[in-house]
Amino acid sequence: MALLGFPTVHCFVLAAQNRLDSNGAESPIRFEHGRIDFVLEHGETTRKHAPETMAGGVAVFDFDSDLDSDIFFANGADMPSLEKTDERYWNRLFSNDGTGSFTDVTEAAGLAGIGFATGVSAADYNNDGYEDLFVGGVHRYTLYRNRGDGRFTDVTEEAGLNWTDPEHGPLWAVDSAWLDFDGDGHLDLFIVNYLAWDPATERVCDDYCHPKMYDGTPNSLYRNNGDGTFSDVSASVGISQHIGKGMAAAVADFDLDGDPDIFVPNDKMFNFLFLNSEGAAYREIAFEAAVALPESGMYISGMGGDFRDWDNDGLADIVFAALEYETFPLFRNTGNGDFEEVTRSSGLTAESKSMAGYAPILADFDNDGWKDLFVSCGHVQSTREFGGVLNVKQHNAVFKTLPNGTLRSLVKESGLAAQPPARHRGAAYGDFDRDGRLDVVVTALGAPAELWFNRSPGDQHWIELILSIPGTEVRIETAGGTQFNHVAPSVGYASSSSVPLHFGLGDHSTVAEIEIRWPSAKTRLIQDVVANQVIDLRDH
């Protein structure tokens with residue numbers, strides 16, 4: 001009995017130690033592991049087809065309008081047929097009961113899907129008050145209209161979405177973003193297409209082939225016609241002439257001219273930054289804006305990205321994930337039409353250089369008023385051990401943002417190392433249990449999905465605003481300072497968080513002022529707001 005009991009006590013002591021930061025204080029960000037009944041089936045074979053390692057998008061959204069954060073998982077398929085030959089390959093929808101307990105409602109909702117799904121994004125594209133889903137995958141796009149009765153209808157064909165390019169053949173959609181690029185009040189759809197992949201001609205490599213073995217493809221932009229249909233304007237607005245190997249779509253109005261701009265990290269080539277020209281066209285300016293390459297000047301494995309105001313100066317900054325020794329590049333918006341890389345000065349170079357990341361998320365996890373950085377981690381490869389230096393399976397990572405502009409890794413202290421490492425992929429966030437702290441859901445290849453419930457200590461205050469229109473911008477003022485955020489559901493890698501805008505308030509129990517600016521330029525000012533509440537502003 002003593003021998004059996006010892007490991008239990010020993011594990012408890014380790015867990016207690018891991019909750020302390022390097023200074024011996026309680027970790028300011030802490031997560032508790034939870035599970036949800038989903039396994040990401042990616043059809044991995046000994047042949048190592050490229051799509052197998054790129055699965056795993058997840059969406060957090062309120063599909064039934066009950067103010068709870070529900071979860072949708074994009075799932076893989078048999079390889080190389082790309083067919084969902086078994087129920088284990090179904091995409092899955094889980095309904096939240098408001099406490100963080102989830103029920104699988106996939107079949108009733110009609111969302112099992114077809115094909116090898118990669119990424120997903122949620123938004124109300126037809127302005128009927130219900131959030132719809134776009135699911136991108138290998139040689140297939142699928143648009144699901146939310147009927148408002150718990151069920152979804154596949155409207156891809158009638159909407160006019162086409163995943164075959166005349167020059168590049170069938171497209172492989174990895175990520176997507178909903179945005180109103182032309183300011184007409186209807187949400188348009190930007191789709192990030194990855195490699196030109198054909199199983200019949202794919203080269204054989206020791207593990208998954210390097211991206212240089214494949215041709216790139218153009219991204220796509222579909223204009224919402226306002227009648228349930230879309231028109232492909234990729235060529236006419238200046239998108240499709242730029243051939244890339246895109247991994248994410250991150251959207252923000254970085255130059256504050258009222259139009260949404262798009263950042264696309266590319267895999268082993270220079271990134272794209274599409275500048276919106278008065279809602280009429282896009283101009284690619286990554287080199288002149290200094291975000292095409294990191295400071296090393298080398299191509300890196302650009303993965304997922306986020307495009308938000310990290311340093312509370314009212315300007316959207318850029319972060320994206322990459323592989324080991326490439327770091328997680330962080331670019332600060334200068335306000336002069338370009339960016340400066342602060343990966344090294346922020347401490348992120350040293351903190352992330354041994355990590356391989358997929359999905360970065362900028363959000364305030366300890367409610368102190370500064371957006372922290374969560375990154376799902378795991379390598380592209382399936383077997384390499386890198387001489388014992390780095391494992392393919394990794395723990396997820398969280399970096400706390402300090403007021404002095406530096407980031408500090410809290411992987412062990414936060415509890416994220418309490419579970420075995422995995423090949424993590426997609427990640428999204430939401431307050432699943434309604435306790436005012438942001439939780440995270442993460443997928444992993446061939447492994448159970450992970451729910452990370454936020455159990456950060458202290459009684460820091462917070463406020464959340466329900467705003468359904470992407471591009472809506474918010475400024476809040478407290479006695480502690482000013483914060484900014486904007487509605488942009490696409491986040492990380494192949495994932496979407498269509499949830500209320502969350503602001504941590506520290507020890508301030510009131511918000512002096514909230515300013516909301518909708519894409520229509522309509523504004524609203526709210527003053528003297530009590531903290532620790534969710535405010536629904538969808539009808540205002």
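**Notes on a predicted chain**

1. **The sulfur link.** With 105° about the S-S bond, the link of C205 and C209 is right-handed. This is a predicted model, and every point below should be read that way. The structure holds one disulfide. That disulfide joins C205 to C209, with an S to S distance of 2.0 Å.

2. **The cysteines and the surface.** C209 has a relative accessible area of 13%, so it is buried. The cut-off for buried is under 20%. Another cysteine, C377, is buried with a relative accessible area of 0%.

3. **The chain as a whole.** How many helices and strands does the chain have? There are four helices and 41 strands. Along its principal axes, the C-alpha trace spans about 65 × 60 × 50 Å.

4. Buried residues make up 59% of the 540 residues. The accessible surface of the chain comes to about 20,100 Å². Carbon and sulfur atoms account for 50% of that surface.

5. **Contacts along the sequence.** Take the contacts between residues at least 6 apart in sequence. Of these, 59% join residues at least 24 apart.

6. **Charge.** The chain has 38 positive and 83 negative side chains. How far apart do the centres of the two sets lie? They lie 6 Å apart.

7. **M79 and its partners.** Start with the loop between β3 (70–73) and β4 (92–96), where M79 lies. M79 has a relative accessible area of 7%, so it is buried. Which residues does M79 contact, leaving aside neighbours within four places in sequence? They are H42, G43, T45, H49, P51, E52, F116 and W197. Look at H49 in that list: it is 30 residues from M79 along the chain, yet their C-alpha atoms are separated by 7.6 Å.

8. The peptide bond from M79 to P80 is cis, with omega near 5°. Further on, L82 is found in the loop between β3 and β4 too. L82 has a positive phi of about 65°, although it is not a glycine. L82 is buried, with a relative accessible area of 16%.

9. **I71 in strand β3.** I71 has its place in strand β3. At 0% relative accessibility, I71 counts as buried. Leaving aside neighbours within four places in sequence, I71 is in contact with I36, V58, A59, V60, R92, L93, F94, F102, F432, V441 and L451. Three of these names, R92, L93 and F94, fall within the numbers given for β4 (92–96). Y358 is a separate case: it is 287 residues from I71 along the chain, and their C-alpha atoms are separated by 19 Å.

10. **L505 in strand β38.** Now move further along the chain. L505 lies in strand β38, which covers residues 501–506. L505 is buried, with a relative accessible area of 2%. What does L505 touch, not counting residues up to four places away in sequence? The partners are N367, H461, W462, I463, I476, T478, Q483, V511 and A531. One of them, I476, is 29 residues from L505 along the chain, and their C-alpha atoms are separated by 9.7 Å.

11. N312 is found in the loop between β22 (305–308) and β23 (317–320). Its phi is near 60°, a positive value in a residue other than glycine. Is N312 buried or exposed? At 14% relative accessibility, N312 counts as buried.

Notes. Residues are numbered from 1 along each chain as its sequence is written. This is a predicted model: local features need pLDDT of at least 70, side-chain atom pairs count only at pLDDT 80 or more; totals for chains, interfaces and linings use all residues. Side-chain values use heavy atoms; hydrogens and water are left out. A disulfide is a pair of cysteine sulfur atoms within 2.5 Å. Buried means under 20% relative accessible area, exposed over 50%, partly exposed in between (1.4 Å probe, protein chains only). Helices (H or I, at least four residues) and strands (E, at least two) are DSSP runs, numbered from the N terminus. Contact means heavy atoms within 4.5 Å. Accessible areas come from the Shrake-Rupley method with a 1.4 Å probe; for residues, only the protein chains shown count as cover. Lys and Arg count as positive and Asp and Glu as negative; His and the chain ends are not counted. The place of a charge is taken as NZ of Lys, CZ of Arg, CG of Asp or CD of Glu.
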